[in-house]
Amino acid sequence: MFILGCVREASASALADSHNKLCWAAASFNLRNSRETTMEPAFDTLQTMGQLRDSGMTPEQAEATARAVSDMASTLVTKEYLKSELDGLRIEVKQQFVEMDQRFTGRFTKVDERFMEMDQRLTKRLNKVNRRLTRMNARFKTMDASMKKRFASQTVLMVIIQTALLGAMFAALLHFS
């Protein structure tokens, strides 16, 4: 129960009567629908004060009550106003998400492009390395063939030398035996 005024020594029935008058006064204000972006409740404090005085409230209590209700009414909003504000916020949030999505898409596109460039450079380098390794492999094969020829000719030469040495040793053995 919300009662304003200086009624400290009032009886329970007087308090209930004041409460009823306050509820009646609070119900007497109307909300005005304007086409403005903000909607403020309209409250006629003079009319409410008069109605409260006519119903038996003292002028001081009526004035204090009307001011309190007016202050409360100034903070009220209508469902339509609240809905329009929330719709506006939803639109703003959606727009921000769209903008963020566009920024991220742009950034990811740039990152993808950089990865593609790096991949192309790496592919070129690997191809160069593969060509070098292929040339080196060909050189090794050539060197291997050349070494096999050398070793083959040296092997033949060694066999000839060994045969000659064995023949000389065999002749020397026959001569000294």
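**Burial.** I began with how much of the chain is tucked away: buried residues make up 13% of its 177 residues. I keep in mind that this is a predicted model.

**Elements.** I then went through the secondary structure and found 4 helices and 0 strands. Read from the N terminus, the order is simply α-α-α-α.

**Contacts along the sequence.** I also checked how far apart the contacting residues sit in the chain. Of the contacts with a separation of 6 or more, 51% join residues 24 or more positions apart.

**Confidence.** The chain averages a pLDDT of 79, and 76% of the residues score at least 70. Which helix has the lowest confidence, and which the highest? Helix H1, residues 12-27, is lowest with a mean of 43, while helix H4, residues 79-176, is highest at 92.

I noted two stretches to read with care. Residues 1-16 stay under 50 in pLDDT, and the model gives them 13 contacts beyond four places in sequence. Residues 18-39 are also below 50, and this stretch has 41 contacts beyond near neighbours in sequence.

**An aromatic pair.** I searched the whole structure for aromatic pairs and came away with 1. Are the rings of Phe-104 and Phe-108 stacked or edge-to-face? Their centres are 6.2 Å apart and their planes meet at 25 degrees, so I wrote the pair down as stacked, since planes under 30 degrees apart count that way.

Both partners belong to helix H4, where Phe-104 and Phe-108 are 4 residues apart, about one turn of the helix. I looked up how open each one is. Phe-104 has a relative accessible area of 41%, so I list it as partly exposed. Phe-108 reaches 53% relative accessibility and therefore counts as exposed.

**Thr-78.** My last stop was the loop between helix H3 (59-74) and H4, where Thr-78 has its place. Is Thr-78 buried or exposed? Its relative accessible area is 10%, so Thr-78 is buried, the limit for that word being under 20%.

I also asked what the side chain of Thr-78 meets. One of its polar atoms lies 3.0 Å from the backbone nitrogen of Tyr-81.

Terms used. Residues numbered from 1 in each chain as written. Predicted model: local features only at pLDDT ≥ 70, side-chain atom pairs only at ≥ 80, totals over all residues. Heavy atoms only, no water. Helix = DSSP H or I, 4+ residues; strand = E, 2+ residues; numbered from the N terminus. Buried < 20%, exposed > 50% of the residue type's maximum accessible area, 1.4 Å probe, protein only. Contact = heavy atoms within 4.5 Å. pLDDT = per-residue confidence, 0-100. Phe/Tyr/Trp six-rings, centres within 6.5 Å; stacked < 30°, edge-to-face > 60°. Polar contact = N/O pair within 3.5 Å; in protein donor to acceptor, adjacent residues only side chain to side chain.
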